[in-house]
Structure formats: C-alpha cells, structure tokens
Amino acid sequence: MTQSLRAVRVSDRVYWVGAIDWGVRDFHGYLTGRGTTYNAYLVMATKVALIDTVRAPFTPELLQRIGSVTDPEKIDYVICNHAEMDHSGALPAVIAAVKPERVFASGRGVEALGRHFHLDHEITGVKDGESLSLGDATLTFVETPMLHWPDNMVTYLADEHVLFSNDAFGMHLATSERFADEIDEAILKAEAGRYFANILMPLAAVVSKGLEKVGKLGLAIDIIAPSHGPIRRRAQDISGILRLYSTWAAGQRRRKAVVVYDTMWHSTDMMAQAVGDGLAAGGASVRVMPLKSCHRSDVAAEVLDAGALVVGTAELNRGMLPAVADALSYLKGLKPRGLIGAAFGSYGWSGGAVQEVEAALRQMKVELAGESVRVKYVPDAQDLAQCAALGAQVAEKLKAP
Ligand code: FEO
C-alpha cells in the first residue's frame, strides 16, 4: 500500500487516524452540508490500542494513517465504543489486517457487533467502569447507553486526561484542521447544534443523565476526542461544549418561532409570510422556512432553541402536502419538548389538510396557541390579516416563561 495519508498527533501517546468524508450529504436523513469525519484514535502505550474504526469504504484511509505511526500488526487491542456502521464498518477488515489480541466492546456492543458482522473473532465484553491496562497506561470504559445507541460507551485515558467520547460532543464537519481551536467558532457552534438537534434531541434526558454520570466520576478532562468533527484541547472549548450540551439537554428555548410550510400555487406561501410578519411584529425572532428550499434537518436545527413551531400546508387529495408530512414525521421522531404552535393553510376541496397538521402537532405534544387559519383557494387582505393576527397571538404567548 502506498503510504500517503498521515496521522495527526493529539497528545503524547494519542494519534488521530480517522477518515475525512468530504462528500457525504445524507446521514440517515440528516443533510450533512459540510461532510463529516469518522474519527479513530491510536494509543501508543506498551500495548497499542485502536479506539474505534471508520465507515467501511474508508478502511484504506484508516490503515494508511495507522501505518504512518506504526505497523498495523503492532496493534494489540481494538476498542469499539459504538456498533453503528460509521464507526464499526471497517472492523472486519481491520481484524483481518491487524489480527488483534483482543477486541473490546460493551455487553450490548458485543451483541450488536455480532448481529452486524457475524464475526469469527471473539469480542470481549467490558463492564461499566472496567479498566484495561496497556502496560504504562490505562483505559477505563464508561457505559453511556443511548448516546446514541443502546451499546454506546466512552473510553477514558487517565494518564493523559483524554475522553474518547464517541458520538457525544461531535459534529458533522469535514475539515483539514483536526482541532476546534483552529476552526471558526460560529461554524463550530452551528454544526454542534445541528448535530445535537438531528441526532441527540430525542435523547435529551439521557444526555443530561450521561453528563451527570461523567461529572460524578470527577474525571479530569484535558482533551475531548469525539468520533465526528474536531478534537477539543483548550479548556474554554471543553467548558463551552459542556455548557451548550447542558442548555440543549435542558430544552431551553428562546422567544423564537419557526414557520415551516409547503405551498402549491403560492397561497400558503402568502399566508406564511403574513404569519411571520405577525410574529415579528409581536417581538418574536422568526425563521420562515419554505420546504421547497429548506431541508427537514435545517428545520430541526432551528427548532432546537425555538419556543414555537407554526406549520402551514396547501391541500393535496384532502391531505397535507408530502413535504409537510415528511418534515412533521422527522420532527416527531426528534421529540422536541415544550413547544407551542399553530397551523394554517389554503385548500380547494375539504380543508382537511390543516386538521391533519393540527393532529400531528398534538401528537408531538405541541400546545396549539391559536385557532388555525384555513383559506379557500387564494387569501384576500382580510385572510392575510387573520394570518398576521395568528402570528401575533403566538408571539404574545411566547412572552410567558
Ligand atoms: Fe456516529 Fe451513532 O454513530
């Protein structure tokens, strides 16, 4: 194999040996507009450990980067923090190339990896809090179930205060820079929020518990090495992401409304603008998001800190437009809590589409803040004033704590 791709040194004994996926744009339904990375790490202690692998097509990249530090066959242990294929896809090829002495995963990870790869190589289950000696260094495993699958765990290298946090504290961001302090802060905050909204929002309560659990262990953390996106090595970057996670996990919301809609012949579009105007006049910060140009994951990212979700649809065959059904189904799965909302739309036949939206919002436990506005065919000035009034009503309700 030609050796061209190189590892990046993270600390004394730790090297980043992952892969950069510049081109991925669909991550199980999440639009990853800036690509992603699949981070894997090599710990060069007396015993050499590889922490996580990469998505299967990136196996050559992983092996090349490992090869820039050591012969892959020198790896003694492979640690699988998480069985999802973006981190485990290369595992069968890595086992074949490296012939490790042992492969470790959580108890649930052993089962999940077995079901994924039907491997001949035995996977050793580790218990919550168990440690593994690497000779002159020690790895400790902490189970973090549902961050983001039942099998997840994080690995801690006490000797260098490095937390290999897997999916937690990550983001989908492909960059040539490996460290957060080398990247624009606004991009980091936006992508970390987008990742939390689209991956972790339904697990917010678990995130809080996980943070509490790691906090109680009192681990000194000088480096957070996640499985996606940049590594955090400055105290302010570490405290910054911990603070943001606490805020997001607590579901703290601003006086902000997201107006999401699809239109057929421009009527619902006009209504959306009027609703947005009413919200803004009432003092709310507004994001008007036409689904013809906004992806469902853009909407999720905006909903993360919004207090209101207002949904509009034109009617197709007595139901809501498919793009609206798609966005609502996606948002329902993400379980945003504590939202108020409203529905609006135009119709030509029965007017049932808006009722469908109302029902979907109720299912999502969104409290309806005003009576829905339905307009037959094309809105006139009075209809648009009603839409603006609905926006103002929602804005008024957003004032309440
Ligand atoms: Fe990045 Fe749940 O995998």
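**Close-up views: salt bridges and the domain contact**

**View 1. Polar contacts link domain 1 and domain 2.** In this predicted model, 6 residue pairs, both at pLDDT 80 or more, are in polar contact between domain 1 and domain 2. On the side of domain 1 that touches domain 2, β5 (30–31) and α5 each supply at least two residues. Helix α5 gives the most to this side, with 5 residues. The residues of this side of domain 1 divide into 7 nonpolar, 3 polar and 1 charged.

**View 2. A salt bridge joins R194 and D298.** Side chains of opposite charge can pair when their charged atoms come close. Here the side chains of R194 and D298 meet, N to O, at 3.0 Å. Between domain 1 and domain 2, the count is 1 salt bridge.

**View 3. Domain 1 meets domain 2.** Domain 1 covers 8–249, and domain 2 covers 258–396. Their C-alpha centres lie 38 Å apart. The contact takes 11 residues from domain 1 and 12 residues from domain 2. The size of an interface is often given as the accessible area lost when the parts come together. For domain 1 and domain 2, the buried area is about 1,000 Å², with 62% of it on carbon and sulfur atoms. Look for N198, M201 and P202: they supply 46% of the area that domain 1 buries against domain 2, more than any other three residues.

**View 4. R233 pairs with D181.** The closest N and O atoms of this salt bridge are 2.8 Å apart. R233 sits in the loop between β16 (223–226) and α7 (235–249), and D181 in the loop between β15 (162–166) and α5 (185–200), so the pair ties together parts that are 52 residues apart in sequence. R233 is partly exposed, at 37% relative accessible area. D181 is also partly exposed, at 25%.

View 5. E212 is partly exposed, with 48% relative accessibility. K216 is exposed, with 69%.

View 6. E302 lies in helix α9 (residues 296–303) and K256 in strand β17 (residues 256–262), so the pair ties together parts that are 46 residues apart in sequence. E302 is partly exposed, at 22% relative accessibility. Salt bridges that share partners join R254, K256, R287, E302 and D305 into one network.

Conventions:
Residues numbered from 1 in each chain as written. Predicted model: local features only at pLDDT ≥ 70, side-chain atom pairs only at ≥ 80, totals over all residues. Heavy atoms only, no water. Salt bridge = Lys/Arg side-chain N within 4 Å of Asp/Glu carboxyl O. Helix = DSSP H or I, 4+ residues; strand = E, 2+ residues; numbered from the N terminus. Buried < 20%, exposed > 50% of the residue type's maximum accessible area, 1.4 Å probe, protein only. Domains from an automatic or database assignment. Contact = heavy atoms within 4.5 Å. Buried area = accessible area lost by both parts, 1.4 Å probe. Polar contact = N/O pair within 3.5 Å; in protein donor to acceptor, adjacent residues only side chain to side chain. Nonpolar A, V, L, I, M, F, W, Y, C, P; charged D, E, K, R; others polar.
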